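I would like to hear about its aromatic rings, and then about one of its helices.

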Amino acid sequence: MRVISGKAGGLRLESVKGQAVRPTADRIKESLFNIIRPIVCDAHVLDLFAGTGALGIEALSRGAQFVTFIDRNRECVSVVKSNLQHTGFAEQAEVYLSNFEDGLRRIAGMKRKYDLVFLDPPYGKGFEYKAVELLIYFNLIRTDGIIVIENEQKDILPETLNCLKRVDERGYGRTALNFYRKIKE
C-alpha cells in the first residue's frame, strides 16, 4: 500500500495486521482520485472508518488542506498517526480514537464542515446509512460537498440518501464506489 500521487507520491504506508481492516486497493484509490480530482485541492476532508488513513493521506498528498481521521480501532489510530508522520502531513490532520457516532458528535461540537467525506465502513453492517444520517443531522457537509461510500458491490445503495443525490457509481470487482453530492437545502 502506497501513496499514489502528489507531494508524498510513492511513499509506502504502514498497514494494520490481520483481518480487522480492508484497505482500498491502489487501483481503486487511483480511479477514485481521478474522479474527485477537481474538489480535492484545498478541501477539508473527513476520513470516517479511517483504517490505515490511506484515503485521507492520499487527499493531503494531492492538495487537501486538512483531514480529520476517525476510527474505533486503537491499532488503526496508531497506524494513521505513524503514516501521517512518515508522509509529513501530521500538522494538517487530527486523529480521533472513537466509534463513528461519538466521533461525529465530537467534531459537530467543533463546528467542522467538510467538502469531502470518505465512508469506508465494514461491509454488510449498514453503518453507511447511520453515518450519513448523522453527517446531515450535525450539518457537517458543505453544500455541494461530496461523500464517497465504498461498499460491497452486491449491496445496492439508493439514488438518494437524505439530502444527498448519487452523482456517480463505479464497480471494481467486489467493491463499489458511490459518489453522493449534498444538494442545496
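Ring pairs join F49, F100 and F127 into a cluster. The model is predicted, so local features need pLDDT of at least 70 and side-chain atom pairs count only at pLDDT 80 or more, while totals for chains, interfaces and linings use all residues. Residues are numbered from 1 along each chain as its sequence is written, and side-chain values use heavy atoms, with hydrogens and water left out.

What makes two rings a pair? Rings of Phe, Tyr and Trp (its six-membered ring) pair if their centres lie within 6.5 Å; planes under 30 degrees apart count as stacked, over 60 as edge-to-face, and the rest as tilted. By this rule the count comes to 5 aromatic pairs. Take F33 and F118: the ring centres are 5.8 Å apart and the planes stand at 55 degrees, so this pair is tilted. The pair links distant parts of the chain, with F33 in helix 1 (residues 26–40) and F118 in strand 4 (residues 114–119), 85 residues apart. Here helices (H or I, at least four residues) and strands (E, at least two) are DSSP runs, numbered from the N terminus. Both F33 and F118 are buried, where buried means under 20% relative accessible area, exposed over 50%, and partly exposed in between (1.4 Å probe, protein chains only).

Now back to the cluster. The rings of F49 and F127 have centres 6.1 Å apart and planes at 10 degrees, so they are stacked. This pair, too, links distant parts of the chain: F49 sits in the loop between strand 1 (44–48) and helix 2 (54–61), and F127 in helix 5 (residues 127–137), 78 residues apart. F49 counts as buried because its relative accessibility is 15%, whereas F127, at 26%, is partly exposed.

Let us turn to helix 3. Within helix 3, the buried residues are C76, V77, V79, V80, N83, L84 and T87. They cover an arc of only 160 degrees around the axis (taken from the directions from the helix axis to the C-beta atoms), so they lie on the same side of helix 3. An α-helix has 3.6 residues a turn, so residues three or four places apart point the same way. The buried residues of helix 3 pack against helix 2, strand 2 (66–71) and strand 3 (93–97), with contact meaning heavy atoms within 4.5 Å. On the face turned away from the buried side, helix 3 carries the exposed residues R74 and Q85.
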